[in-house]
Amino acid sequence: MEVKVEKTDKQGVLKRIAGPVVTAVNLDAHMYDVVKVGHEALMGEVIKIQGDQVIIQVYEDTSGIRPGEPVENTRLSLAVELGPGLLTSIYDGIQRPLSVLVSKMGDFIERGVSAPGLDMTKKWEFKPLVHEGDVLVPGQVIGEVQETSIMHRIMVPPNAKGGKVKSIKSGSFNVTETVCTLEDGTELPMLQRWPVRVPRPVKEKVNPTIPLITGQRILDGLFPIAKGGTAAIPGPFGSGKTVTQQQLAKWSDAKIVVYIGCGERGNEMTEVLTEFPELEDPKTGKPLMERTVLIANTSNMPVAAREASVYTGITIAEYFRDMGYDVSLMADSTSRWAEAMREISSRLEEMPGEEGYPAYLAARLSEFYERAGLVKSLNGESGSVSVIGAVSPPGGDFSEPVTQNTLRIVKVFWALDAKLSQRRHFPAINWLNSYSLYLDTLHDWYDKEVSPEWNKLRSWAMGVLQKEAELQEIVQLVGSDALPEAEQITIEIARMIREIFLQQNAYDAVDTFCDMSKQYDMMKAIRTYADLAYAAQSAGVQPLQIVSITSKGEMPQIKFIKDYKPALDKILKDMDAEFNTLRAGA
Amino acid sequence: MKEYRTVSKIAGPLVFVEKTEPVGYGELVNIVLFDGTVKRGQVLDTSDEIVVVQVFETTAGIGRDSGIRFTGETIKMPVGRDMLGRILSGGGKPIDGGPEIVPEKRLDITGAAINPYARGSPSDFIQSGISTIDGMNTLVRGQKLPIFSGAGLPHNNVALQIARQAKVPGSKEAFAVVFAAMGITREEANAFMQDFERTGALERAVVFLNLADDPAVERIITPRLALTTAEYLAFDLGMHVLVILTDMTNYCEALRQIGAAREEVPGRRGYPGYMYTDLACIYERAGIIKGKKGSVTQIPILTMPGDDITHPIPDLTGYITEGQIVVNRDLHRKGIYPPINVLPSLSRLMNLGIGKGHTREDHKKVSDQIYAAYAEGNDLRGLVAIVGKDALSERDRMFLEFADLYEDRFVRQGYDEDRTIEDTLDLGWDLLSALPVEQLVRIDRELIAKYHPKFKKEGAPQG
C-alpha cells in the first residue's frame with residue numbers, strides 16, 4: 001500500500017512500530033510534544049529523540065498501523081483542561097471522559113477517538129469577584145461558579161501575566177467564552193490548560209500541622225497523616241490496599257478527592273463508580289461524588305496512558321489546591337505506574353536498573369510525591385494536596401525497588417500484612433511495622449482538638465501492643481499459662497486494643513467511619529478496664545476472673561452503635577461494679 | 001496477495017522478513033512452506049527495513065525459501081451460534097471431525113478493553129455447591145476468580161465440580177461453558193471431556209484444546225480465542241458464560257519463550273516485563289456490561305511452581321484477578337476433598353453478592369467469624385507441637401478443636417455433593433455453636449439470637 005505523505009514542517013513519517021512504542025522520521029519535535037500517529041490520528045507523546053528519529057509512546061492500541069503512515073506534531077505538551085465540569089467526572093489516563101467515550105464508541109474502548117476533558121458547551125453561572133480597574137496577578141481568583149456543592153473558583157492561569165482588568169462579565173457562559181478582558185488585550189475564559197508533567201507554581205510550601213481525619217481508627221489514632229502529607233500503603237495482594245484506599249477516598253475530611261485507579265481492576269472501578277454517587281459525605285450530607293474526580297485506567301487499557309494517569313491526577317489535584325482547598329489524592333497503585341515506566345523503558349531498549357525498572361524510577365517517584373504539600377498558593381490562599389499511594393510489591397516483598405524508593409520519600413507508612421488479613425483482622429495494617437513521622441507536628445492539634453490525654457493514651461496503647469509482641473514470643477515457647485499473672489492481663493488488654501480499637505468493619509454502616517471523639521472514648525474505656533484489671537490483680541483476684549467479666553464482653557458492640565454513649569456509660573458502670581465484687585471476694 | 005521470499009533469519013518461534021511493503025503491526029501472516037503447508041503467525045515488530053513475525057506453530061520446515069503472505073488484517077476469529085458443543089484446536093480449528101464453523105461474525109481476538117463506565121456491577125451470587133467457596137469466598141457473575149494449585153493436586157476436579165454445579169439460585173437464564181486447555185496432557189483433557197459428556201455439559205460448551213505436545217506458541221492465542229468466543233456468546237447472544245482456562249502457568253511459559261527469542265530484557269525470573277499487562281488483557285475480559293444480558297465469569301487455573309504463591313505467575317495473577325481460591329497440599333494429604341485452604345483464599349467481590357437479597361443476612365458475619373476462629377485454631381497447632389495440648393488454656397483448646405471440626409465437616413464434602421447456601425451457612429452456625437457465645441465477637445447480638453442453634457431452640461424469632 002502506497003502512503004502519500006505531504007511534507008510539512010509539522011509532519012513526519014512512521015518508520016517502525018513495536019507495540020506501544022513507535023519511531024518516526026523527518027519529524028520536527030521536542031521532548032514530550034503530543035503527536036498524532038497514523039491515519040487514525042492516535043494520540044502519542046515524544047519520549048526520545050535520536051538523530052532524525054523520534055521515539056513516541058502511543059496512548060492507544062497500535063495494531064494495524066504501518067510504516068509510512070504520517071505523524072503530525074501538535075506542538076503542545078500533554079496537558080489537562082481545568083475548569084468547571086471536573087467534579088463528578090470519570091476520566092481515562094489522558095483525561096478523556098469515559099462517559100463520552102461510551103457514547104462515541106460503545107461499550108468497549110476503541111481507538112482514534114478524542115474527547116475534550118471538559119464539556120465545552122455546558123453553561124455555568126459565573127459570578128465575578130473583581131472589578132474593572134483591579135490589577136490582577138497570576139493565580140488570582142477572578143470569580144466563582146457553583147459547580148456542585150463545591151464552589152469552583154476561577155483563577156488567572158499561573159503562567160499568564162496578569163494586569164489591569166478592562167472588563168469583566170457576569171452571567172451564564174461556557175468554559176471557552178471570555179469572562180474577563182485585561183487592558184493588554186488578554187482574554188481570560190474559565191478554561192485553562194496546564195501541562196501535566198510540570199508542577200503548578202506556588203508562593204511557598206509550609207510544614208503541615210493538621211491531620212487529615214479519615215475516620216479509620218488505626219490511621220487517625222495511631223499513624224496519622226497530615227493534610228499536605230504523603231503516605232504509602234504497601235501490601236501483597238488480598239491484604240486490603242484497595243479497600244483502605246477507597247475508605248480514605250470516602251471518608252477523609254478533604255474538600256476534594258482525586259482517585260486514580262492506575263492499572264487496576266475494571267470491576268473495582270465499577271464498584272467505585274456505583275458506590276460513590278450513593279454515599280453521603282458525613283459532613284455535608286451531599287453525595288461523595290460531588291467532591292470527587294475519578295481517573296480510571298484499568299490494567300488492560302493502554303500502558304502509556306497508565307503512565308500518564310498519575311500526572312493527570314496530580315495536576316487536577318494541584319488546580320483545586322490553588323483555589324485554597326484541601327485535596328487528597330489516592331493513587332492505586334503506584335506499582336502499576338512504575339511497571340508502565342518499565343515496559344516503555346524496555347521497549348526503548350534502555351539500560352535497566354534494579355529488577356528491570358528504569359534507572360530514573362527513584363527520581364520519577366520522588367518528583368511525584370514532592371508535588372504534595374501544604375502551600376500558600378500564588379493568590380495567598382492556603383491549600384493542600386495529600387498524596388496516598390498504594391504499592392503492590394511482588395510476592396509481598398517490601399525490599400523491592402518500588403517500595404524501597406517510595407519509603408525513602410513518604411512520611412507515613414501503613415504496612416499491610418497478609419497474615420492479618422487472613423485472620424480477617426481489617427484494616428490489615430500492621431501496628432508494629434507502620435509509622436508516621438507527623439506525630440510530633442500533630443501533637444498540639446490532638447491536645448487541643450481531641451483531649452490533652454490523647455497523646456498519652458496513644459503511647460500507652462502502642463506500649464501495650466509492643467509488650468504483647470514480646471510476650472507472644474514467650475507464649476510461643478511455653479504456653480500462655482506459664483506467664484506471670486500481670487502479663488496474662490497485659491495480653492488480654494492488647495487483645496482488646498486489637499479487636500475493639502484497631503479492627504474496623506468497612507462494610508458496617510456505623511463502623512465504617514469513626515470520628516475522633518468516639519475513638520477517644522473507646523480507647524479511654526479500654527484504659528479504664530486496664531487500670532481496674534491491674535488493680536484487681538494486685539488485690540489478689542485471679543486473672544481468669546478478671547478477663548472473663550461480662551461487661552467487657554459487651555464492649556466490641558460499641559463499634560456498631562451510632563449513638564454509643566449511653567451503652568458505653570452502662571458498660572463502664574457495670575464494669576466498675578463487677579470489679580468491686582471481685583475485689584471484695586478476693 | 002503478494003508473497004515475499006525474503007526471510008533473513010529464523011530464531012525460535014520468530015521469523016524475520018526483509019524488504020517488504022508497509023506491513024501493519026499485529027497483522028496475521030500466512031507462511032507457505034515448500035510443500036504447500038500453511039502456517040500462521042503475527043507481526044510483532046514492523047519497520048521499513050525488517051518485519052518480525054511470531055509463528056504460532058512449530059517453525060519446523062520454514063526456511064529462507066518459504067513464502068510469506070501478509071493478510072492486511074489482524075487475527076480474527078469466526079464465531080457463530082453452532083460453536084456450542086464443538087471441540088476446537090488451540091488455534092481454533094475444529095478437531096472433532098465435524099464441519100467448519102459457520103461464521104456469523106468475525107471478531108478481533110485481542111478484544112478491546114471494556115470501558116469501566118460501561119461495566120455493570122457484578123452482584124449475582126453463583127452457587128457452586130462447595131461450602132468453602134460459597135460460604136467463605138463467594139463467586140459472583142462477571143468475576144474472575146482463579147484457582148491456585150500445585151502439581152498433583154485435584155484442582156481439575158474442583159474446576160469440574162464448579163462447572164457442573166454452578167448456578168444462580170432461582171434463575172433459568174441461558175448458560176454456557178467455554179473451556180480452554182493450554183499445554184495440559186491428553187489424559188487430563190480426556191478426564192475433562194469425559195466429565196463433560198457424562199453430565200451432558202458438552203452440548204452447552206465450547207472446548208479449545210492445546211495439548212502438551214502442541215506448539216507452545218499456539219498457547220498465546222488459545223485463551224484469546226476462547227475469550228473472544230465467550231464475549232460473543234455473552235454480549236451478542238446474551239448467555240451467562242463460565243470460562244475455564246487451564247493451565248495459565250503453561251501460557252506464561254510460552255510468553256517467556258517468545259520473550260527470550262526476541263532477546264528482550266527479562267523481568268523477574270526471566271518472565272517478560274510486560275507480563276502483568278499481558279495477563280491483564282486476558283483476565284480483564286470478564287465482566288458484565290450495563291444494558292446487556294449476558295456475562296463472562298472466569299475461572300483460570302494455574303499450578304504454582306514449587307507451591308510458591310510469591311512466584312511471578314500467581315503473584316501477578318493475584319494482583320489482577322478478584323481474589324483466588326487456594327488448593328492446599330496439607331489438606332489434600334489429610335485426605336480432605338476439596339482441599340481448599342480458605343486462609344490465603346479470597347473473593348474480592350464477595351460483599352457485592354452476599355447478604356440480604358442475595359444469600360442471607362448473616363452470611364458476611366458468619367464467614368468472618370469462621371475465618372477468625374479457624375485462623376486462630378490453625379495458629380495454635382504450631383504451638384501444640386511445641387508445648388503439648390496440656391499447656392493450652394481452656395479457650396485455646398476450644399479453638400484448636402474448632403479448627404479440626406471445621407476441616408472435617410465444613411471443608412470436606414463429596415465430589416458430587418451439591419450444598420445449597422442455606423446448608424452451608426447452617427453448617428457454619430452448627431460449628432460455631434461449639435464455641436462460647438461471648439467468643440463470637442464478630443457477630444452482632446440480633447443475628448446470634450436469630451440463627452445460633454442454641455437460641456433458636458429457645459424460641460427466639462426465626463428467619
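How many salt bridges are there between chain A and chain B? The count is nine, a salt bridge being a side-chain nitrogen of Lys or Arg within 4 Å of a carboxyl oxygen of Asp or Glu.

This is a predicted model, in which local features need pLDDT of at least 70 and side-chain atom pairs count only at pLDDT 80 or more, while totals for chains, interfaces and linings use all residues. Residues are numbered from 1 along each chain as its sequence is written, chains are lettered from A and ligands numbered from 1 in the order in which they are written, and side-chain values use heavy atoms, without hydrogens and water.

Select K15(A) and D48(B). They form a salt bridge, with the closest N and O atoms 3.2 Å apart.

Next, select R16(A), which stands opposite S47(B) in β5(B). Then show the two strands: β1(A) and β5 of chain B (residues 38–47) run antiparallel and are joined by two bridges. Strands here are DSSP runs of E, at least two residues long, and helices are runs of H or I, at least four, numbered from the N terminus; two strands pair if DSSP finds at least two bridges between them.

Now select the whole contact (heavy atoms within 4.5 Å). Chain A gives 75 residues and chain B gives 81 residues. The area buried between the chains is about 6,600 Å², with 53% from carbon and sulfur atoms; buried area is the accessible area (1.4 Å probe) that two parts lose on being put together, summed over both. In chain A, pick F237(A), N267(A) and R424(A), which lose the most area to chain B, together 13% of what that side buries.
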